[in-house]
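Dear colleague,

I am handing over the structure below, together with my notes on what was found in it. Please read the notes with the model open beside you.

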Amino acid sequence: MPDVIDQVALARLYGEPLFALPQDLYIPPDALEVFLEAFEGPLDLLLYLIRKQNFNILDIPMLSVTRQYLVYVDEIRSRNLELAAEYLLMAAMLIEIKSRMLLPPKKQEGSDEAEDPRAELVRRLLEYEQMKLAALQLNNLPHFGRDFVKAQVFIEQALAPRFPDVAIVDLQDAWRDILKRAKLVQHHKITREELSVREYMSTILKRLHGRRFVEFEDIFDPSKGSTVLVVTFIALLELAKETLIEITQAEAFAPIYVRLAYTPA
């Protein structure tokens, strides 16, 4: 242990604190590498070069982009040959596109426009950029474990459940409440009554026959119920509609009289 107990350890070796670097410590030259720009593949590098210099992705200057691309490929070839293989394939494609652009333009089948050798590359770049933007938007969403954590609360509970104490008075109150609610439930039976408007029209005509006037209230019989009153009123309206009766009133708020319609001999 060191003489100074509160000294901060630089590292731990097999669980033991290390307060000073060993004199025979050897660090390989390639143990630490710093990449200023990290790319996820050839399309990512190519899209970076195009966007960095504000090139039009629909009209890529192949000479400038290919030259910058090859500089980066030469750099990674010296460090990681396996990683450079994928980038070399894209470099070969760029050189092929550039060589096809130097040749006379070839017209597409069924069209007068010349075929652009860059069309397939542009399509792949646009699709890759859309997927990259979508992945960035998903990454900006809150992630469990990164932006928030799930709160957990542990509540100690007894093994044996404890039920509340109930007195006899509580049972009596509950029984009275049930009886009160039972009284609120009532049952009644609804039956359909067959009433004919034509029949009551004939009844009204018989009552008016041989009489000069009959008061409006005398035509109705409240003792037979509201249903009969409604049917009688409808029958009265039907008779007035068919001009079989006349309903008259001398003045406002005066009694209303009903009589048979006048028919000349």
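In this model, which is a predicted one, Glu 215 stands opposite Tyr 257 of strand β5. That pair belongs to the contact between β3 and β5 (residues 256-260), two strands that run antiparallel and are joined by 2 bridges. On the other pairing, β4 and β5 also run antiparallel, with 5 bridges joining them, and here Ile 247 has Val 258 in β5 as its bridge partner. In the hairpin that β4 and β5 make, 6 residues lie between the strands, and Phe 253 takes a positive phi near 65 degrees.

Taken together, these 3 strands form an open sheet in the order β3-β5-β4, with antiparallel pairing. Because β3 (214-215) and β4 (245-249) stand at the edges and have a single partner strand each, one side of each is left without a neighbour in the sheet.

Helix α6, which covers residues 197-208, lies across β3, β4 and β5 and runs at about 90 degrees to β5. Helix α7 (residues 226-241) packs on the sheet as well, where it touches β4 and β5, and its direction makes about 100 degrees with that of β4.

Helix α4 (residues 119-140) gives the most to the lining, with 7 residues.

Side chains of opposite charge can pair when their charged atoms come close, and the structure holds 8 salt bridges. One of the salt bridges links Glu 127 with Arg 123, whose closest N and O atoms are 2.9 Å apart. Since Glu 127 and Arg 123 are 4 residues apart in helix α4, about one helical turn separates them.

With best regards

Terms used: Residues numbered from 1 in each chain as written. Predicted model: local features only at pLDDT ≥ 70, side-chain atom pairs only at ≥ 80, totals over all residues. Heavy atoms only, no water. Pairing = 2+ DSSP bridges. Contact = heavy atoms within 4.5 Å. Axes fitted to C-alpha atoms, helices over the stretch in contact; angles between N-to-C directions. Salt bridge = Lys/Arg side-chain N within 4 Å of Asp/Glu carboxyl O.
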